[in-house]
Amino acid sequence: MLDPLLPLAPVLDPILDPLTIRATRAVQRVLRGPPFRAEHARSRERALAEVLERYRPEAEPLGPGVRARDRAAILHFESIVERAILDLRGHAERQAAVTRFERAAHAIDRVVYKNTPEWLDDPSFDVRLRVRSLDRLDRMNEGIGAYDAFFAAIEPAIERARAAGVERPTVVDLASGHAMFAVALALRFGGREGRVRVIATDLAPEYLEIGRAHARKLALRDDAISFVKQDALDLSNLGAVDVVTCTQTIHHFPPGMVSRLFAEASTVARHGAVLVDGERNPFAVVLITGIAAALGRGSVPFLHDAFVSMRRMYTEQELALLAELAPRKEGEPRRTIERGWLSPGHIFVRSVS
Ligand SMILES: C[S@@+](CC[C@H](N)C(=O)[O-])C[C@H]1O[C@@H](n2cnc3c(N)ncnc32)[C@H](O)[C@@H]1O
């Protein structure tokens, strides 16, 4: 049995969840983010600059073919992006690490990084355990304040739309999964009051159904949030929208795919496309695994996926590389990209149109 205490969840959750969430927040008040992150980021920035210079000339000419969905161009582009990120993560960061601290941080990261699939990635994974893991993930997000970080990354794009005179910006959320975040997004930015319209999308309609039921329970109307099946890698059917968001998803995608997703999203988003996810960091792996053990209460899938996902997250510089290399159509100007790190441990890239 992979989750022996699951039958007791209706009794244990209401008692233990608030306590665990309170304890998590108390830890966070002391630890606002992973120690030494900024110090390590300095050598990573130097490595990023070098890698961009090396790979941009190779990747750029393929842009128009990739955006025209030419299969050979996509394969070639993805292989270049894969090489670029391997170079950044390995050789370039090693070369850029000059102090003893930077060298040690790089060596630790080489041990931390591992890209293995999560059990939730397996479509045949048991539905009950899947729903339980998603529920635990929601509680974890509540505990660590992840949604606040996502809102902070997305707000400037929504504000830009409003400043441009759009009274009710349309926000398309890509790969929404069970759409708990998309619903929170609609509530946070005034969906109920007619100040934003959110379209939650995913390839899997059965996930969106969970979100639809949740929105109904909250009496959110269809003009505040709707649920639509959509491939995040082909947004050509969308026409122009105001803002595109994608949260907690990119670590599931290979680098070339993230780069293409950012290209698609920033082309259709008039006021900005925002990708946001956790950042790989040794302290975060330990902390998140600990919180997952406490909130999962014996759920092996949740513990497994929390540990595995933290090891495969991108770093801010890796995500920046993917955004900078994102393919452009013929004549499309180079994008202006904003990026950064947000407490407790998230990173974002945001296009500026
Ligand atoms: C980690 S979950 C989403 C998490 C969600 N965004 C959140 O913040 O709670 C990743 C989702 O990506 C979806 N997905 C995978 N490939 C996709 C694609 N090409 N287009 C759209 N959705 C995709 C999966 O169905 C899954 O629901």
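Biologist: Where does Arg297 sit?
Modeller: In this predicted model, Arg297 is in the loop between α11 (282-296) and α12 (300-312).

Biologist: And is Arg297 buried or exposed?
Modeller: Arg297 counts as buried, because it has 20 C-beta neighbours inside 10 Å, and 20 or more is the cut-off for buried. Its backbone also deserves a look: Arg297 has a positive phi of about 45 degrees although it is not a glycine.

Biologist: What about Arg69, what is its phi?
Modeller: Arg69 is not a glycine either, and its phi is positive, about 60 degrees. You'll find Arg69 in the loop between α3 (63-67) and α4 (71-96).

Biologist: Buried or exposed, that Arg69?
Modeller: Exposed, because Arg69 has 12 C-beta neighbours inside 10 Å.

Biologist: Let's move to helices. At what angle do α2 and α4 cross?
Modeller: Roughly 150 degrees, and the axes of α2 (residues 37-59) and α4 come within 9 Å. The two helices are therefore roughly antiparallel to each other, since an angle over 145 counts that way. The crossing of α2 past α4 is right-handed.

Biologist: Which residues make the contact?
Modeller: On α2 they include Ala47, Leu48, Val51 and Tyr55, and on α4 they include Phe77, Ile80, Val81 and Leu88.

Biologist: How many are nonpolar, polar and charged?
Modeller: The contact of α2 with α4 has 12 nonpolar residues, one polar and six charged. Among the residues in contact are Arg44 and Glu50 of α2, and Asp87 of α4.

Biologist: New topic: which peptide bond is cis?
Modeller: The one from Ser343 to Pro344 is cis, with omega near 10 degrees. Pro344 lies in the loop between β6 (336-342) and β7 (346-352).

Methods: Residues numbered from 1 in each chain as written. Predicted model: local features only at pLDDT ≥ 70, side-chain atom pairs only at ≥ 80, totals over all residues. Helix = DSSP H or I, 4+ residues; strand = E, 2+ residues; numbered from the N terminus. Axes fitted to C-alpha atoms, helices over the stretch in contact; angles between N-to-C directions. Parallel < 35°, antiparallel > 145°, perpendicular 65-115°, else oblique. Left-handed = near helix turned anticlockwise from the far one by under 90°. Contact = placed C-beta atoms within 7 Å. Nonpolar A, V, L, I, M, F, W, Y, C, P; charged D, E, K, R; others polar.
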